[in-house]
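Morning, everyone. Please bring up the sequence and the model on your screens. I'll be brief.

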Amino acid sequence: MRDPVTDFEYPAAWVAACRSPALLDDVRRGLAVLTASGTILRRGFSTGTTAAAVCKAAVLSLACETVREVEVTLPCGVAVRLPVDGYRGQASCRKDAGDYTADVTGGLEFVAMAAPSLSGGVQFVPGEGIGSFARDTPRHRQGAPAISVPALACIRRSIDEAAAEADISGVTVILTIPRGAEVAQKTLNPRIGVQAGISVLGTTGFVEPWDDHMTEGVIDRIARAPGAVVLTTGRLGLRYSRLLFPDREAILVGNRLEEALRATDGDTVICGLPGLILKFMNPDVLAGTGCATVEELSATPLWEETVDRELRSFQARYPRVRVVIVDRDGRVIGESP
């Protein structure tokens, strides 16, 4: 049985140990994950998925008045159905965090308003509660809404689908998150230069249930790997790890690098985007740089010197661990000497 989100082939022993066989279909569909202990944990939906669902519902409700459920195709390609409350051009949807109990945005209400546009075309307007960038960054301009590329594409696709289904040639959709600014104070947004609201994100469209059970599954995967492994921190890192190290098993560990390293036996590679990796090697890596994020640091003259220093220091502590840092295009921008 394979996970359609991560492409991980679940070991037969995990399937045999499953405590809830009736839920295995959710695992096959990507809606849940199976852990080494046999426990099934439900994935949640990202802020981007929630936004896409509520925008789609608002548009559909222009044609059929009441909408209680919508289908959204996520960035990872999995189609899901989300409960919504849509009526005459206005809709709401609450973010489902699944079994990720630490998700501070879980339960947050998203609201969308849709109105026909006589000028034709589709216009999406990010409103109150959606954060914006307080300053220019390598990928974003000051004042731009904090909506990731995959999330925005999912939102626009969902609006287009709804407009076609409702036979509406032009529509304007305004998305708001009424408590977004309040909840954002509990996130990293104030520290990374995003102000006045939460970020609308979602590389896959799902939220992974990164709890102790999930760590157990990761540790078991490392133990079962036939040879040396590559540890990576995110979906892009997983993709590039497989391309750069096709003869090794690449394992997504998120921010659990320390636990994962303790479970390795032999030579190991850490490969991925710089943010979590550099912060893992040195939590104070940004001190004195004037930068709020590692991505911001990567665009400054301090980058090469900082990366070289941190890689050498890390190698002295972990001589059998090779580190390969890549950018979002897969280019190697830092590597252990």
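Where is the place of Ser336? Ser336 sits in the segment after strand 19, and that strand covers 332-335. Keep in mind that this is a predicted model.

Next, is Ser336 buried or exposed? Its relative accessibility is 13%. Buried means under 20%, so Ser336 counts as buried. What does its side chain reach? The side chain of Ser336 comes to 2.8 Å from the backbone nitrogen of Val323. Setting aside neighbours within four places in sequence, Ser336 is in contact with Leu311, Gln315, Val321, Arg322 and Val323.

Five strands form an open sheet in the order 16-15-17-18-19, and the pairing is mixed. Strand 16, at 249-252, and strand 19 are the edge strands, each pairing on one side only. From one strand to the next, the twist averages 25°.

Look inside the sheet. Strand 15, residues 229-232, pairs with strand 17, residues 268-272. That pairing is parallel and runs over two bridges. Leu231 stands opposite Ile270 in strand 17. Helix 10, residues 274-281, packs on the sheet. Helix 10 touches strand 17, strand 18 and strand 19, and its direction makes about 140° with that of strand 18.

On to helix 3. Why does its length make sense? Helix 3 has 18 residues, 47-64, and at 1.5 Å a residue they should span 26 Å. Its end C-alpha atoms are 25 Å apart, so the two values agree. Helix 3 is mostly covered, with 15 of its 18 residues buried. Just after helix 3 comes Glu65, with a positive phi of about 65°.

Finally, the cores. In soluble globular proteins, nonpolar side chains tend to be buried together. Here, the largest nonpolar core has 46 residues. Cys55, Val59, Val80 and Ile155 touch the most other members. Several elements give two or more residues to this core, among them strand 4 (66-73), strand 5 (79-87) and helix 4 (149-165). Which element gives the most? Helix 3 does, with nine residues.

Take Ile155 as an example. Beyond its neighbours within four places in sequence, Ile155 is in contact with Gly48, Ala51, Ala52, Cys55, Phe124, Ile147 and Val200. There is also a second, separate core of 26 residues. Leu231, Leu286, Trp303 and Val321 are included in that second core.

Technical notes. Residues are numbered from 1 along each chain as its sequence is written. This is a predicted model: local features need pLDDT of at least 70, side-chain atom pairs count only at pLDDT 80 or more; totals for chains, interfaces and linings use all residues. Side-chain values use heavy atoms; hydrogens and water are left out. Helices (H or I, at least four residues) and strands (E, at least two) are DSSP runs, numbered from the N terminus. Buried means under 20% relative accessible area, exposed over 50%, partly exposed in between (1.4 Å probe, protein chains only). A polar contact is a pair of N or O atoms within 3.5 Å; within protein, one must be able to donate a hydrogen and the other to accept it, and residues adjacent in sequence count only if both atoms are side-chain atoms. Contact means heavy atoms within 4.5 Å. The expected span of a helix is 1.5 Å times one less than its number of residues. Two strands pair if DSSP finds at least two bridges between them. Axes are lines fitted to C-alpha atoms, for helices over the stretch in contact, and angles run from 0 to 180 degrees between N-to-C directions. A nonpolar core is a set of buried Ala, Val, Leu, Ile, Met, Phe, Trp, Tyr and Cys residues joined through side-chain atoms within 4.5 Å.
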